[in-house]
Amino acid sequence: MPLDNLLTALGELPESEQRDAYLRFVNFAGDAALRRDGGPEHVTGSCFVFSPEFDRVLLCFHRKGQFWVQFGGHIEATDASVAEAAQREAREESGIGELVLLSTAIVDLDRHDLHAGFSCEAHWDVGFTAVITPDVEIEVSDESEDVRWFPINELPANVPTGFGARLDRVRSTSMSLIS
């Protein structure tokens, strides 16, 4: 079921080279695309967490990657969709049990190669958004070294290449979901 759900959600995105590459990969790999053990490249789900005013973003300092990034990870057998996996990962990594996705609409696609600290070669990341007040209690998980709110215009120096521009696109897309 998650595979059909993902293919439908990808098909609803505007046509682009990136969307088409995702569709090719998922159609070619089938269910294996959604499993960590399905091959060296697979789909992951991530969640960008914003404040209600969209002026702050909650990021985690990724233990393996050694950079600040949105929450996310692998799809588990119990996840009914990639969106559900993204929400679960954000809850686990932030400690915010009441965190709920703003929408199940995909707001970001980002395929990235991984370095030797990872057991896989690449993640085909599918991003979603959540909004929650910054005064919520957060908790650092075993996968992160830190979890912290940052003003949108004052991101830390150690974020992945292109993360600022990507965050701007995600923020804009996410804001349009509530207007």
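## Aromatic pairs

Both Phe 50 and Phe 54 are buried, and in this predicted model their rings have centres 5.3 Å apart with planes at 40°, so the pair is tilted. Phe 61 and Trp 68 are likewise both buried; the centres of their rings lie 5.3 Å apart and the planes stand at 65°, so this pair is edge-to-face.

The count of aromatic pairs comes to 6.

## The nonpolar core

The largest nonpolar core has 50 residues, and those that touch the most other members are Leu 6, Leu 10, Val 43, Val 49, Ile 106 and Val 126. For Val 126, when neighbours within four places in sequence are left aside, the contacts include Leu 6, Val 43 and Ile 106, which are themselves listed among the residues touching the most other core members.

## The buried side of helix 1

Helix 1 spans residues 2–11, and its buried residues are Leu 3, Leu 6, Ala 9 and Leu 10. These residues cover an arc of only 130° around the axis, which puts them on the same side of helix 1. The elements against which the buried residues of helix 1 pack are helix 2 (17–29), helix 3, strand 1 (41–50), strand 5 (108–113) and strand 6 (122–131).

Ser 81 is found in the loop between strand 4 (71–74) and helix 3 (82–94). Is this residue, Ser 81, buried or exposed? Its relative accessibility is 11%, and because the limit for a buried residue is under 20%, Ser 81 counts as buried. Leaving aside neighbours within four places in sequence, Ser 81 is in contact with Pro 2 and Asn 5.

## Gly 72 in strand 4

Gly 72 has its place in strand 4 and, with a relative accessibility of 23%, counts as partly exposed. Although Gly 72 and Ala 86 are 14 residues apart in sequence, their C-alpha atoms are 5.7 Å apart in space.

Once the neighbours within four places in sequence are set aside, Gly 72 is in contact with Gly 45, Ser 46, Glu 89 and Glu 93.

Technical notes
Residues are numbered from 1 along each chain as its sequence is written. This is a predicted model: local features need pLDDT of at least 70, side-chain atom pairs count only at pLDDT 80 or more; totals for chains, interfaces and linings use all residues. Side-chain values use heavy atoms; hydrogens and water are left out. Helices (H or I, at least four residues) and strands (E, at least two) are DSSP runs, numbered from the N terminus. Buried means under 20% relative accessible area, exposed over 50%, partly exposed in between (1.4 Å probe, protein chains only). Contact means heavy atoms within 4.5 Å. Rings of Phe, Tyr and Trp (its six-membered ring) pair if their centres lie within 6.5 Å; planes under 30 degrees apart count as stacked, over 60 as edge-to-face and the rest as tilted. A nonpolar core is a set of buried Ala, Val, Leu, Ile, Met, Phe, Trp, Tyr and Cys residues joined through side-chain atoms within 4.5 Å. The arc is that of the directions from the helix axis to the C-beta atoms.
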